[in-house]
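Dear colleague,

Please find below the structure I promised to hand over.

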Amino acid sequence: MARHANAVGCLLILSSLSLSTFSSFSVALTDAEASFIARRQLLHIHESEDSPEDYEHEVDPALTFVNARLKKAYVALQAWKKAIYSDPKNTTGDWVGADVCDYKGVFCAPALDDPSLKVVAGVDLNRADIAGYLPVELGLLTDMALFHINTNRFCGIIPKSFNKLKLMYEFDVSNNRFVGTFPSVVLEFPDVKYLDLRYNNFEGPLPAELFEKELDALFLNDNRFTSTIPDNFGNSPVSVVVLANNNFTGCIPKSIGKMANSLNEVVFLSNDLGGCFPSEIGLLGNVTVFDAGSNTFAGSLPSSFSGLKSIQELNVAHNVLTGIVPESICKLSSLVNFTFSHNYFKSEASACRPNSRPGVVFDDKDNCLADKSKQKSARACFPVVSRPVDCSKSKCAGGSGSGSGSGSGSEGGRSGGSTGSGGKGSGSGSVGSGSGSEGSGSDDPSDLSPTARERTKSSPPSPTQQEPESPEKKTPSKSTPSKDQPSPSTPTPGSSKSPPSSKQTPSTRTPTPESGKTPPTSGKTPSSPSTPGKTPSKGTTPAPGPSDDPHGYSPAGLYSPPPPVHSPPPPSPPPPTASPPPPTFDDVILPPHIGSQYSSPPPPMFPGY
């Protein structure tokens with residue numbers, strides 16, 4: 001019963017609420033409606049949260065099935081249909097009868113263990129705007145390898161019965177109203193390659209086991225996760241990882257250097273991370289996007305950053321960085337956009353000045369650069385520039401922590417944008433430090449208080465809108481995922497197993513994350529990514545606009561409070577209309593392709609998985 005408490009986050013039960021409260025047209029769920037759905041799930045879940053073994057009595061004896069597995073699929077899908085409280089597009093309207101392979105959004109293929117049997121291999125209900133919950137009976141779909149339900153209004157938790165889905169390859173539940181701690185059931189998928197949990201209300205720490213999975217793409221942005229990033233972060237073979245807009249603290253693990261052969265894009269944007277950058281970041285020679293904006297990183301830029309030979313988008317804006325912006329970084333051959341604004345840099349190489357290099361954008365505003373406009377005042381700069389951080393003594397950068405550093409995370413405790421890492425150890429541990437050194441560590445950094453910076457978090461796009469796609473290339477101040485734009489690249493997750501096939505083509509075509517491996521596909525290139533949204537960034541207008549920490553933290557006594565309505569409802573009919581996008585802000589900017597244009601792909605068109 002303890003696990004059931006996790007679903008309280010979709011709660012605030014109204015005992016008088018009935019099914020009549022759900023309108024026939026599409027609107028965003030109120031907290032009360034989400035609470036009602038979550039409560040219904042709790043009432044439905046068996047004590048063990050497992051799929052039922054006595055499902056036979058639930059089937060009409062008059063129905064005949066091609067095989068026993070399709071009979072189980074019928075039970076699962078009918079239970080799911082009963083768990084749906086609003087289906088404005090009538091997506092499940094044809095879920096009638098024994099031929100489940102003809103149900104809209106359901107895809108069948110020959111079974112891997114017995115090609116003579118037809119089984120349900122995948123479900124794709126992306127952008128269906130359905131409100132409901134996931135029943136435990138979905139654990140009966142043991143041949144399913146693709147589960148795509150992004151941009152709907154599903155509430156509650158991910159049932160434990162999903163641990164029976166041993167063939168799961170792509171799992172996308174993004175942009176819904178799921179709650180609770182990290183859904184550990186996904187760790188029981190042996191061969192999952194694509195995991196997308198973004199734009200929900202998951203909370204708590206990340207399990208270290210997540211980074212031992214053979215994933216190719218991992219999207220956790222825009223939840224409420226709170227913890228340090230596990231030290232084994234670098235053990236993951238992912239090509240794309242997005243952790244933006246959560247509440248992560250502490251350092252970037254030094255193990256990130258082990259991802260040199262696989263990692264293409266990494267986004268730490270808008271968390272509470274701090275300390276000095278580890279020099280191992282410079283080992284990431286294949287990374288094209290590195291975004292650490294809107295945290296409290298301190299010290300100077302490591303000279304090892306010159307090893308980012310493939311970098312196109314580099315964002316370290318809105319931190320507490322000091323020293324000199326080195327020429328070696330600004331002359332990287334693949335660089336398209338380097339944003340280091342809203343820091344405390346006191347000097348920049350001539351190669352780093354705006355308009356110094358055709359085709360490359362350098363954003364240096366709001367620093368401490370002498371004789372330049374749009375910079376901080378001398379009064380704001382002095383407390384930070386005069387008392388620099390010694391990264392050779394920062395725990396985050398590999399030292400023992402006797403020097404001062406960024407006042408955030410495990411090393412100090414964040415206070416606005418104040419500097420000082422707060423490491424308390426002794427000794428030193430030299431690490432590649434940035435050019436433009438500003439001397440050694442100094443006094444307790446807790447006194448240093450540069451201008452406080454407001455951290456933002458974006459709201460997910462409305463389920464009734466078309467899902468966001470990749471952004472165009474723009475000058476980022478904060479690089480984040482965007483929406484409704486064509487993806488500049490089409491990565492594909494690779495594995496030893498291929499995803500399931502179907503004789504149908506799902507309504508949503510989307511690209512998949514890139515890695516060195518490519519799973520079998522139908523030969524058709526998905527053309528319309530189904531991403532739920534992008535992580536906002538400062539400088540221009542993002543597609544899902546930010547709101548000031550809309551999720552907040554859990555109040556005392558609740559594991560997860562009722563989440564706010566993420567997208568405003570559309571006008572009342574007639575006629576029904578789609579929900580408008582969330583508000584946007586002028587100080588938010590979107591760089592190109594920072595990961596979230598990679599949304600779940602449709603089931604491929606080929607025999608077998």
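Helices here are DSSP runs (H or I) of at least four residues, and strands are runs (E) of at least two, numbered from the N terminus. On that basis the protein has 4 helices and 25 strands. Please note that this is a predicted model.

Of its 609 residues, 63% count as buried. The protein exposes about 20600 Å², of which carbon and sulfur atoms supply 52%. Among contacts with a separation of 6 or more, 66% are between residues 24 or more positions apart.

The buried residues of α2 include Leu70, Tyr74, Leu77 and Trp80. Its buried residues pack against several strands, among them β2 (106-110), β3 (118-124) and β6 (153-156).

The other region to report is an open sheet of 5 strands, in the order β14-β16-β18-β20-β22, with parallel pairing. Strands β14 (249-250) and β22 (344-348) are at the edges with a single partner strand each, so one side of each has no neighbour in the sheet. Helix α4 (residues 378-385) packs on this sheet, touching β20 (320-325) and β22, and its direction makes about 95° with that of β22. Within the sheet, 2 bridges join β16 (residues 272-275) to β18 (residues 296-299), and Gly274 stands opposite Thr296 in β18.

With kind regards

Technical notes. Residues are numbered from 1 along each chain as its sequence is written. This is a predicted model: local features need pLDDT of at least 70, side-chain atom pairs count only at pLDDT 80 or more; totals for chains, interfaces and linings use all residues. Side-chain values use heavy atoms; hydrogens and water are left out. Buried means under 20% relative accessible area, exposed over 50%, partly exposed in between (1.4 Å probe, protein chains only). Contact means heavy atoms within 4.5 Å. Accessible areas come from the Shrake-Rupley method with a 1.4 Å probe; for residues, only the protein chains shown count as cover. Two strands pair if DSSP finds at least two bridges between them. Axes are lines fitted to C-alpha atoms, for helices over the stretch in contact, and angles run from 0 to 180 degrees between N-to-C directions.
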